[in-house]
Structure formats: C-alpha cells, structure tokens
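Subject: The structure we talked about

Hi,

Here is the structure I promised to pass on.

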Amino acid sequence: MTTSASVPAGPEGAMVGTVTDRLVEANQRYAAAFTDPGMDARPVLQVAVVACMDARLDLHAALGLELGDCHTIRNAGGVVTDDVIRSLTISQRALGTRSVVLIHHTGCGLESLTEEFRHELEMEVGQRPAWAVEAFRDVDQDVRQSMQRVRTSPFLLHTDDIRGFVFDVKTGLLREVDPA
C-alpha cells in the first residue's frame, strides 16, 4: 500500500513544503505516466457506494473495484444527507446507476460526538451550522436509518437494490445489516 511515507522527503528526512505541495508533486508524477482510459462517466457496474470519509477505508481495494466501476460518495459517517440524495439522484437519473451500497464502519468518530458539537461551534464562531452532526451510538441502527432514507427518497428511481454494511476497521470484513 502506498502511504504518505512514499512521498519524497528533503534532507535528513524532513518533509519539504506543505502537504498540498506534496500532493501536487505526486500528481505530477502520476500525470507523467497517465493515459486516458477512454471511459464514460457512467459506472460500469451501475452502482453507487456511499461511505464514511474515514482514511482507514480503502473502498476500491476492500470491494475489489477498478477505476470506472462505481460512483463513490463519501462524507463524515457516510450519512445520507440531502446532498448525498442529490448525488445519488444525479448518479441514477443522469448516469445510469441502479444499485446503492451503504458502508459505515466500526470505531467511527461520529460515535463519540453529539449535537453539542454544533452548539460549541456556534459559541466559538457566532453562527450555528445549518447542518446536523448526525452523531450516533449504534452503527447498525445508523445503517438502517441510511437505508430507509435512500428507500423513501422520491427523487430516486431505483430503490429495490439498497444494501447496508458495517466495515470492520480491524479485520477489513464487511458485515451486512438487516434492514428490518
């Protein structure tokens, strides 16, 4: 697995520039060997994956996916927000996806937050965030709630193949959550 450690360092191992500078340099190396894969924006497998943004989840590797196989939508907690519904609606109606896979995970940071986080932000910056934290205590119940939000959205055409899973960050295994 390639990690940030594979990005060149300066003298005596010190990192040179900002993290963004390192990413841009890595992109230049990537682009030097890049060839247009000649793909369409439509996912080959007609699937959209909604998952947490947690850096421990390498979704393509964990699911055996290749470039062009799926649409990937990520946010804190893998929460099905209005913006996720917007992305899924575009994915289905404009780009042909028919299935939705929801992936939450063990040890999620949202399990240790509460809506008090929003109040603390409001006190600090003087403005209440328009968004909800969507914290939870029971990951399985949160997956069920996400499945329900997708299934009941009036904007989505295909709601019969919606499945939810919990990814175990210690073993790499997916565990399916019963929607009932």
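Predicted model: local features only at pLDDT ≥ 70, side-chain atom pairs only at ≥ 80, totals over all residues.

On overall dimensions, the C-alpha trace spans about 55 × 50 × 35 Å along its principal axes. Of the 180 residues, 33% are buried. The accessible surface is about 11200 Å², and carbon and sulfur atoms account for 55% of that. As for how the chain folds back on itself, take the contacts between residues at least 6 apart in sequence: 61% of them join residues at least 24 apart.

**The sheet**

The five strands make an open sheet with mixed pairing, in the order E2-E1-E3-E4-E5. At the edges sit E2 (70-75) and E5 (174-177), each of which pairs on one side only. On average, neighbouring strands are turned by 25° against each other, if you ignore direction.

If you want landmarks, Ala-51 stands opposite Arg-74 in E2 and opposite Ile-103 in E3. Is E1 buried or exposed? Six of its six residues are buried, so E1 is largely enclosed by the rest of the structure.

**Helices on the sheet**

H3 lies across E1, E2 and E3, and runs at about 175° to E2. H5 packs on the sheet too, where it touches E3, E4 and E5, and its direction makes about 155° with that of E4.

**The cores**

The largest nonpolar core has 23 residues, and the ones with the most contacts inside it are Val-50, Leu-88, Val-100, Leu-102 and Val-150. Two or more residues each come from strand E1 (47-52), helix H3 (82-93), strand E3 (99-105), helix H5 (139-151) and strand E4 (162-167). Which of these gives the largest share? That would be H5, with four residues.

Setting aside neighbours within four places in sequence, Leu-88 is in contact with Ala-48, Val-50, Ile-73, Val-100, Val-150 and Leu-156. There is also a second, separate core of nine residues, which includes Val-49, Leu-57, Leu-65 and Phe-167.

**A few residues up close**

Ala-48 is in strand E1 and stands opposite His-71 in E2. Its relative accessible area is 0%, so Ala-48 counts as buried. What does Ala-48 touch, not counting residues up to four places away in sequence? The list is His-71, Leu-88, Ser-91, Thr-97, Ser-99, Val-100 and Val-101. By way of contrast in sequence and space, Pro-37 is eleven residues from Ala-48 along the chain, and their C-alpha atoms are 20 Å apart.

Thr-89 is found in helix H3. Thr-89 has 15% relative accessibility, and it counts as buried because the cut-off is under 20%. Leaving out its neighbours within four places in sequence, Thr-89 is in contact with Ala-94, Phe-155 and Leu-156.

Last stop: aromatics. How many aromatic pairs does the structure hold? One, and it is made by Tyr-30 and Phe-34. Their rings are 5.5 Å apart centre to centre with 45° between the planes, which makes the pair tilted. Phe-34 itself counts as partly exposed, at 42% relative accessibility.

Cheers

Methods:
Residues numbered from 1 in each chain as written. Heavy atoms only, no water. Core = buried A, V, L, I, M, F, W, Y, C linked by side-chain atoms within 4.5 Å. Buried < 20%, exposed > 50% of the residue type's maximum accessible area, 1.4 Å probe, protein only. Contact = heavy atoms within 4.5 Å. Pairing = 2+ DSSP bridges. Axes fitted to C-alpha atoms, helices over the stretch in contact; angles between N-to-C directions. Phe/Tyr/Trp six-rings, centres within 6.5 Å; stacked < 30°, edge-to-face > 60°. Areas by Shrake-Rupley, 256 points an atom, 1.4 Å probe, with all protein chains shown as cover.
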